[in-house]
Amino acid sequence: MAALPIRITGEPVLHSVAAEVEVIDDALRALVADMFETMAAAPGVGLAAPQVGVDARLFVFDWTDDDAVRWRGVAINPELLVSPGPIGEADEEVDSEGCLSVPGERFPLLRSERAVLRAIDLDGEPFDIEATGWLARIFQHEYDHLDGVLYVDRLAHPFSKAAAKAIRKRSWGVPGQSWLPGRDHLED
Ligand code: ZN
């Protein structure tokens, strides 16, 4: 097992619709193990395959809620049903989101309060999770990665402008950039 380099915004795999997983084999199991290690090292609460340069519809998550319940798993070929999005303005205190592919930056984004994740696990078994609050946010964020959408693509004015400026300032937004958790120290 090894931590994998995390691709930074601008890399084409992050901005394309990922391919369905066709077969669950040893290579896929090894990828998932490496993704868990990468997510823990980053650290992060979710990581999608395109973020480690793999064109596949799967993500991992590991998040502990306020009741000390740990939500940890892998979602392969997921579907996501979301409640209607809230109306209003994102709050910098409670809605600020980050992404390991836009490391060190955070911007507020409104997300649906509820989401139902349906996917299969590494044994090929289907499962679903009814999520609310931050877990619902994680699922929406990771699911978007599989459709080539980053949270910064969804920001409203003025945060969209601030994010574009931050990305330009760091010379991101072009292919070929990555960072390695454990070696490169970038806050998220
Ligand atoms: Zn992300």
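Let me start at helix α3, which covers residues 159-169 and holds Lys 165; please keep in mind throughout that what we have on the screen is a predicted model.

Which residues coordinate the zinc ion? In this model the donors are SG of Cys 99, NE2 of His 141 and NE2 of His 145, at 2.0 to 2.2 Å, and along the chain these donors follow the spacing C-x41-H-x3-H. Cys 99 sits in the loop between β5 (96-98) and β6 (106-108), while His 141 belongs to helix α2, residues 133-146, so that this pair, 42 residues apart, links distant parts of the chain. Are these two residues buried or exposed? Cys 99 has a relative accessibility of 1% and therefore counts as buried, and His 141, at 7%, counts as buried as well. For those who want the cut-off behind that word, buried means under 20% relative accessible area.

Now to the charged pairs. Side chains of opposite charge can pair when their charged atoms come close. How many salt bridges does a search of the whole structure find? The search returns 13, and I will take you through some of them.

One of them joins the side chains of Asp 26 and Arg 29, with N and O 3.0 Å apart. Both residues lie in helix α1, residues 26-41, and because they are 3 residues apart there, about one helical turn separates them. Asp 26 counts as exposed, at 59% relative accessibility, whereas Arg 29, at 36%, counts as partly exposed.

Another salt bridge is formed by Asp 147 and Arg 57, whose closest N and O atoms are 2.9 Å apart. Asp 147 is found in the loop between α2 and α3, and Arg 57 in the loop between β2 (46-48) and β3 (58-64), so this contact ties together parts of the chain that are 90 residues apart in sequence. Asp 147 is partly exposed, with 31% relative accessibility, but Arg 57 is buried, with a relative accessible area of 6%.

A further salt bridge brings together the side chains of Arg 170 and Glu 105, at 2.7 Å from N to O. This pair also links distant parts of the chain, since Arg 170 is in the loop between α3 and β9 (178-179) and Glu 105 is in the loop between β5 and β6, 65 residues apart. Arg 170 is partly exposed, at 32%, and Glu 105 counts as buried, at 15% relative accessibility. Beyond these pairs, there is a network in which salt bridges with shared partners join Asp 95, Glu 97, Arg 111, Arg 137, Asp 144 and Arg 154.

Let me finish with strand β9, where we find Trp 179. This tryptophan is buried, with a relative accessible area of 2%.

Definitions and conventions. Residues numbered from 1 in each chain as written. Predicted model: local features only at pLDDT ≥ 70, side-chain atom pairs only at ≥ 80, totals over all residues. Heavy atoms only, no water. Helix = DSSP H or I, 4+ residues; strand = E, 2+ residues; numbered from the N terminus. Donors = N, O, S within 2.8 Å, 3.2 Å for Na, K, Ca; no water. Buried < 20%, exposed > 50% of the residue type's maximum accessible area, 1.4 Å probe, protein only. Salt bridge = Lys/Arg side-chain N within 4 Å of Asp/Glu carboxyl O.
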